[in-house]
Amino acid sequence: MGDRAERLVNLTIAFLEARRPMTLTDLRAKTGYYRQADAEAGRRMFERDKDALRSMGIPLRTVPAPGDTGDVGYALDRREYELAEIDLTVEEMSALAVAVGAITDRDLARGLAKVAAVAPDPQPTTADAAVTSSLPSGVDPLVAAIEDRQAVSFRYAPSAGDVAQRTIDPWRIAWRRGRAYVIGRDHERDAQRVFRLDRIEGIIRPVGQAGAFERPEGIDVEAATSRPGPPPVVATLVVDRRHRWLVERAGGATIEEEGNQDRLEVTASLDAVVELACELGDRGRVVSPPEAVEATRAALAAIASAHRGGS
Amino acid sequence: MTAVDDAARMLTLVPWLLERPGATIDEAATAMRATPQQIDGDLSRLDFCGLPGLGGGDLIEVHRYGDRIVLRLADELRRPLRPTLGEAVRLVLAAETVIAAASPTPALTSALAKVRAAAGLADDTVQSVADPSPWLSQVRDVLDGGTCVELDYQGRNDEAPRTRLVDPWRLELHDGNWYLHARDLEADAGRVFRLDRVSGIVATDQPRGPVPAELPTPSYEPEDEQVVELRVSREGRWVVHVLDNVREEPDGDGHRLVFGTDSLRHVADLVMRAAGGAVVLAPDALRQMVADRANAALATYEATASDG
């Protein structure tokens with residue numbers, strides 16, 4: 001009776017062709033499958049196939065069968081199954097194909113192939129895909145929960161602090177510098193929080209009912225995914241020219257060049273200025289504001305004292 | 001490949017072939033990102049697909065004319081299955097990454113809007129933030145141009161940035177950092193450069209060579225490794241996220257980190273940047289290096305203080 005892939009395709013065709021929900025009995029008659037002598041074995045086989053179809057993204061609905069049999073039927077709505085009209089132009093399809101061409105990801109490749117199936121062929125191009133990225137894992141359950149407005153629970157390891165179980169109303173996925181974040185309302189703190197997906201440990205579980213909350217509008221995604229911190233200070237540093245890039249990396253701009261020593265100004269939190277000045281060591285120094293100079297000196301003294309003598 | 005993967009591909013292959021009667025197996029393989037053997041297997045199966053219970057009257061017909069393929073009676077599958085949420089999100093994130101790296105092209109921006117709409121992904125479910133990154137636009141210009149470049153780069157083991165002549169291949173965004181894949185022409189080997197350790201880029205007139213098909217993922221592969229032990233406070237625990245392959249154990253109200261490195265200088269940079277949040281337990285050479293740096297730095301502040 002053919003192999004499993006063939007059976008899954010046939011099952012899909014049978015559901016698409018049917019005008020009404022089908023019970024397992026209907027399917028047996030229509031497809032010839034699941035007619036094992038042991039009816040229970042046939043039912044288990046169908047259950048596995050049904051789960052496989054759903055894992056492929058086929059929106060199979062479970063509905064009560066007609067009459068009072070207590071049986072269930074399964075329905076596949078063609079409008080939910082089919083890719084909606086997309087009408088990509090040749091230029092759009094080409095741009096999309098080149099853009100994602102260098103990224104290796106199974107789900108991405110599948111999604112692109114589905115869109116490309118009913119789009120014009122991309123123009124042959126000699127341009128190399130210039131950009132690639134790794135894509136985050138664990139997005140699917142969060143996106144589903146955002147769309148369903150259902151709370152989720154997961155274990156989270158913050159950058160500083162201890163791993164803990166968190167429950168949130170997920171509002172939005174943010175994508176910034178190759179990192180994915182979820183923004184939502186933390187139940188325990190009853191306030192907006194942001195979580196990095198790569199710091200979520202283990203599985204993400206849906207909690208409670210769908211439609212349990214409203215997603216607020218006008219979330220400031222840029223602010224939410226920025227390092228929180230006290231207001232920045234404007235610091236001046238003097239640095240050996242060869243190491244000026246270290247300050248420029250932190251957003252510093254040169255205000256004066258003097259021999260091999262350059263004077264740069266950087267706007268950052270006091271902590272960030274102290275970290276930068278400590279990393280510079282004797283290759284440069286912070287000269288203002290006084291509180292940054294004092295905090296740097298204290299941090300350097302703490303490092304020196306913690307590393308005094310053998311271990 | 002599992003049966004589920006094969007079935008998913010067949011449901012996409014059918015509408016692709018219906019749109020392109022007479023396409024070849026190789027063309028289909030390219031479009032499906034599959035091998036010609038997989039497509040050939042799919043076609044053999046599809047010839048038996050349809051409604052078998054109706055006694056063979058309603059099966060898909062696969063006609064092969066040489067290496068060209070025509071499908072008939074596959075009308076139930078004329079449209080592809082809608083991308084799953086996960087597939088749609090990945091398409092969006094991949095395209096957004098390219099948009100973040102370069103000035104967006106109108107075609108890519110409108111393609112992205114159409115993909116979101118067709119996949120039923122609301123505009124406010126996934127949102128991207130583009131950050132200007134130092135050197136990024138210059139590297140994009142270099143990749144769009146046709147010449148090699150002189151790259152000033154701070155290597156992990158170098159005392160100061162050093163100039164290298166490189167043939168740029170591709171940009172990669174990986175875990176919060178941009179990397180440039182390129183051939184180092186002096187070493188005559190592929191190298192990966194972190195953009196935040198670049199201190200200058202100058203174009204040359206030397207033409208670029210071809211880009212290899214497969215580029216390795218940026219990852220740290222130590223050659224001559226030493227084991228380092230650090231103790232980090234809660235404030236210094238971020239250090240764990242910038243290191244690879246770290247063993248981490250709770251230690252009092254902080255953590256103990258054990259990892260390998262080929263560059264004590266690089267770890268010393270990290271410990272200094274932690275500004276007291278990280279303390280070296282071993283090796284002694286690294287303890288000494290950090291102590292020397294902190295004392296040398298303190299001396300510059302003392303000297304300035306007495307000047308003033």
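Visitor: How many residues does the contact take from chain B and from chain A?

Guide: This is a predicted model. In it, the contact takes 116 residues from chain B and 125 residues from chain A.

Visitor: What area do chain B and chain A bury between them?

Guide: About 10,900 Å². Carbon and sulfur atoms hold 59% of it. In chain B, the residues that lose the most area to chain A are Arg79(B), Arg90(B) and Tyr301(B). Together they give 8% of what that side buries.

Visitor: Why is the meeting of Arg90(B) and Asp140(A) called a salt bridge?

Guide: The rule wants a side-chain nitrogen of Lys or Arg within 4 Å of a carboxyl oxygen of Asp or Glu. The side chains of Arg90(B) and Asp140(A) give 3.4 Å, N to O, so the pair passes. Across the interface of chain B and chain A, the rule finds 17 salt bridges.

Visitor: How many residue pairs are in polar contact across that interface?

Guide: There are 42, with both residues at pLDDT 80 or more. Helix H8 of chain B, residues 284-307, supplies the largest share of the side of chain B that touches chain A, 15 residues. By class, that side has 62 nonpolar, 23 polar and 31 charged residues.

Visitor: What makes strand S3 of chain A and strand S6 of chain B a pair?

Guide: A pair needs at least two bridges. S3 (residues 131-133) of chain A and S6 (residues 162-174) of chain B have three bridges, so they qualify. Their sense is parallel. Ser133(A) stands opposite Leu173(B) in S6(B).

Visitor: How do you know that strand S9 and strand S11 of chain A pair?

Guide: Same test. S9 (residues 233-240) and S11 (residues 261-268) of chain A share eight bridges; the rule asks for at least two, so they pair. The sense is antiparallel. Thr236(A) stands opposite Glu265(A) in S11(A).

Visitor: Which order do the strands take in the open sheet of chain A?

Guide: S10-S11-S9-S12, four strands with antiparallel pairing.

Visitor: Why are S10 and S12 of chain A called edge strands?

Guide: Because each pairs on one side only, S10 (253-258) and S12 (284-288) of chain A are the edges. From one strand to the next, the twist averages 25°.

Visitor: Which strands does helix H10 of chain A touch as it packs on the sheet?

Guide: S9, S11 and S12 of chain A. The direction of H10 (residues 270-280) makes about 10° with that of S9(A). Helix H11 (residues 290-306) of chain A also packs on the sheet, touching S9 and S12. The direction of H11 makes about 140° with that of S12(A).

Methods: Residues numbered from 1 in each chain as written. Chains lettered and ligands numbered in written order. Predicted model: local features only at pLDDT ≥ 70, side-chain atom pairs only at ≥ 80, totals over all residues. Heavy atoms only, no water. Contact = heavy atoms within 4.5 Å. Buried area = accessible area lost by both parts, 1.4 Å probe. Polar contact = N/O pair within 3.5 Å; in protein donor to acceptor, adjacent residues only side chain to side chain. Nonpolar A, V, L, I, M, F, W, Y, C, P; charged D, E, K, R; others polar. Axes fitted to C-alpha atoms, helices over the stretch in contact; angles between N-to-C directions.
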